[in-house]
Amino acid sequence: MRGTGSASAPPVAGVDGAGGRWVVAVLDDDAVRLHLADTPADVLRTTADCAVVGVDMPLVVPVDGTRESEVALRAFLGSARSSLFPTPVADAVRASSYEEACAASRARTGKAISKQAWFLCRHILDWSAALNTAPDRNRVIEVHPESSFRALAPDVAFGSKKRARGLAQRFAALGAVVDPADVLTATAALDDGPALDDVLDAVAAAWSARRWRDGQARTFGPSSADRIVV
């Protein structure tokens, strides 16, 4: 039996960025539903019936330095630690250009930020704005799907999720959560746009959300003020 919750347990969701949109995977016992949302506010409306929503996006921004949760999670990831981009400091997140963000980061940390981190900044602000007006923001948690996969299948040496072998490994790992054929069927019904690894990351994020709902999750970070859930 794949599901770990009771038959009456409310659904949970996982969210991953997908080509400028958000792919949402809803787990309801063993069933999976997929949706596309344009904004974080749309995600919250789409998941209104979900007890927990796991989002692959930094929901905490440091003033300076590095988040303790990310330091701990990189240690857990080991050789895959590069899959977790450092969250830029607040001044960099609010900057109006990459150059300004790099200058702000150097002033706080002594280092510039990567282009990948800069591309996260707008999404970080969008999620912050959506959660600031959400009456039930505590049901939204930060997750990291690559870590979820490693917790789900700790004996697997995962390859790149952009290549066939890595995708097959992730499908196999998710077989403990949902029927992979159901994931493919749901994916085929989506509008074109998300990459397959975006979908699989959303399902893995939903698995971590379910673990949080059921009191089984592992957390990284010193407190609820800086926490990543796996």
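Predicted model: local features only at pLDDT ≥ 70, side-chain atom pairs only at ≥ 80, totals over all residues.
Residues are numbered from 1 along each chain as its sequence is written, and side-chain values use heavy atoms, with hydrogens and water left out. Local features need pLDDT of at least 70 and side-chain atom pairs count only at pLDDT 80 or more, while totals for chains, interfaces and linings use all residues.

Helices here are DSSP runs of H or I with at least four residues, strands are runs of E with at least two, and both are numbered from the N terminus. Take α6 (residues 145-152) and α7 (residues 164-174) to begin with: they pack at an angle of about 60°, and their axes are 10 Å apart. Axes are lines fitted to C-alpha atoms, for helices over the stretch in contact, with angles running from 0 to 180 degrees between N-to-C directions. That angle makes α6 oblique to α7; under 35 degrees counts as roughly parallel, over 145 as roughly antiparallel, 65 to 115 as roughly perpendicular, and the rest as oblique. On the α6 side, Glu-146, Phe-149, Arg-150 and Leu-152 make the contact, meeting Arg-170, Ala-173 and Leu-174 of α7 (contact means heavy atoms within 4.5 Å). Sorted by class, this contact has 4 nonpolar, no polar and 3 charged residues. Here Ala, Val, Leu, Ile, Met, Phe, Trp, Tyr, Cys and Pro count as nonpolar, Asp, Glu, Lys and Arg as charged, and the others, Gly among them, as polar.

Helix α2 (residues 68-77) packs with α6 as well, at an angle of about 45° and with the axes 10 Å apart. The two are therefore oblique to each other. Leu-73, Phe-76 and Leu-77 of α2 touch Glu-146, Ser-147, Arg-150 and Ala-151 of α6, a contact with 4 nonpolar, 1 polar and 2 charged residues.

Now for the pockets. A pocket is an open set of points on a 1 Å grid over the protein atoms alone, where a 1.4 Å probe fits, with protein on both sides within 12 Å along at least five of seven lines; lining residues have an atom within 4 Å of a point. The largest pocket is lined by 38 residues, with Asp-16, Asp-56, Ser-83, Phe-85 and Lys-161 nearest its centre. Among the elements giving two or more residues to this lining are β1 (12-18), β2 (21-28) and α6, but α5 gives the most, with 4. The lining splits into 13 nonpolar, 12 polar and 13 charged residues.

The second largest pocket has 14 lining residues, and Pro-86, Ser-105, Thr-109, Lys-111 and Ala-112 are the closest to its centre. Its lining divides into 6 nonpolar, 6 polar and 2 charged residues.
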